Amino acid sequence: MRILLSGYYGFDNAGDDAVLFAIVQALREMVKDAEITVLSNQPEKTAKEFGVNAVNRWGKKEIFRAVRNCDVLISGGGSLLQDVTSKNGILYYLGIIKLAQLLGKKVMVYAQGIGPIREPRNRKLTAKILNKVQAITVRDFESRTELLEMGVYREVLVAVDPVLGVDTAQIDAALGIELLQKDETGFREDTPTLMVAARNWQHSEYFFRQIAQSCDAAVEKGWQVVFVPFHYPGDVAAGEKIAALMEQKGAVVLQGNYTPCETMAILKNSDMIMGMRLHSLIMGAALLKPLIGLSYDPKVDSFMHLLRQPDCFAIDSVDAQQLIQAMERLGRQTEKERAFWAQNMEIMARQAKAPAEMVAALRR
């Protein structure tokens, strides 16, 4: 079965590459004869890292050949169908789907986070094109609602983000320690660790200062702070800015451009995660870590709501005291609460693989 994957792949974004890793892993489990090709910004790197075929996502001839030669096009996961970051970026992903439809190929939207889609033109096009695909799965109820309000009348199934289905038992914590201690960072294995995944955004000076003050409070209570980049190199700079605002010195700012497995190996050594990057929270959930969400986008709120985790704060209004109280509250979790969390995540891990089963069914 020849499967073509279209998404935001090959951009050195640990979250989107983790989605690709999870989808490929699930497809190989559910579709034994899967021959997988990926549209990538760095095809050679993607092919080597994930053991797949890969072609240039910008090459018109390469895209046409890849679509023509596939049996099924998968669009997703991630937040592809939105026009907040760019009002025209959505047209690329819709265009790939439309090309597949014109060539008579089966198409599946795979565990995407939909929206916000604000431009009337984009809303109309999205509904028109998605009403002709073979299957749609989204990663949260808000995405389903968004599609219904746009006029999508096909069945829309709610799954969860593919990364929640990664087999975390295979993630090597020792590799994480090796990366954490590389270049003599000063990371200590025997010290409780708060890991922070931040990014630059509008009015970052305000919320960077709030994060810095909460990190200072953690250090004063005997914790160490590690800033983990999810998009290289921008997140490294964000971590350095926050660390410079801290009064307590010694925070570790990781400098690497890590693979999904390396990133999860690093996070496996955390005791708590404060995440602005959505996939820092998703990876942390899969690893059963206590989470604090910093929301710059509805997708962050949606995910924390899905987990029934209350500690999610809007970056334009959060204050350090809220973050400190959240850390204290999470630090008091009972064994019963942790057991419930583990049971909930086990259910979600099974749900994360449901879209791959649907891909297998498309061959009939």
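## Charged side chains

Glutamate 346 and arginine 350 sit 4 residues apart, about one turn of the helix, in helix α14 (residues 335-352); helices are DSSP runs of H or I with at least four residues, strands runs of E with at least two, numbered from the N terminus. The model is predicted: local features need pLDDT of at least 70 and side-chain atom pairs pLDDT 80 or more, while totals for chains, interfaces and linings use all residues. Residues are numbered from 1 along each chain as its sequence is written, and side-chain values use heavy atoms, without hydrogens and water.

The whole structure holds 10 salt bridges (a side-chain nitrogen of Lys or Arg within 4 Å of a carboxyl oxygen of Asp or Glu). Among them are these:

| Salt bridge | N to O distance |
|---|---|
| Aspartate 71 – arginine 2 | 3.0 Å |
| Aspartate 161 – arginine 139 | 3.6 Å |
| Glutamate 346 – arginine 350 | 3.6 Å |

Aspartate 71 is in the loop between α3 (60-69) and β4 (72-78) and arginine 2 in strand β1 (residues 2-6), so this pair ties together parts 69 residues apart in sequence. Aspartate 71 is partly exposed at 30% relative accessible area, and arginine 2 is partly exposed at 37% (buried is under 20%, exposed over 50%, partly exposed in between; 1.4 Å probe, protein chains only). Aspartate 161 and arginine 139 are both buried, whereas glutamate 346 and arginine 350 are both exposed.

Lysine 132 lies in the loop between α5 (120-130) and β6 (135-138) and is partly exposed, with a relative accessible area of 48%. Lys98, Lys124, Lys128 and Lys132 form a positive surface patch (residues with over 30% relative accessible area and no salt bridge, like charges joined within 9 Å).

Technical notes:
Patches are made of residues with over 30% relative accessible area and no salt bridge: like charges are joined within 9 Å, nonpolar side chains (Val, Leu, Ile, Met, Phe, Trp, Tyr) within 5 Å. Accessible areas come from the Shrake-Rupley method with a 1.4 Å probe; for residues, only the protein chains shown count as cover. Lys and Arg count as positive and Asp and Glu as negative; His and the chain ends are not counted. The place of a charge is taken as NZ of Lys, CZ of Arg, CG of Asp or CD of Glu.
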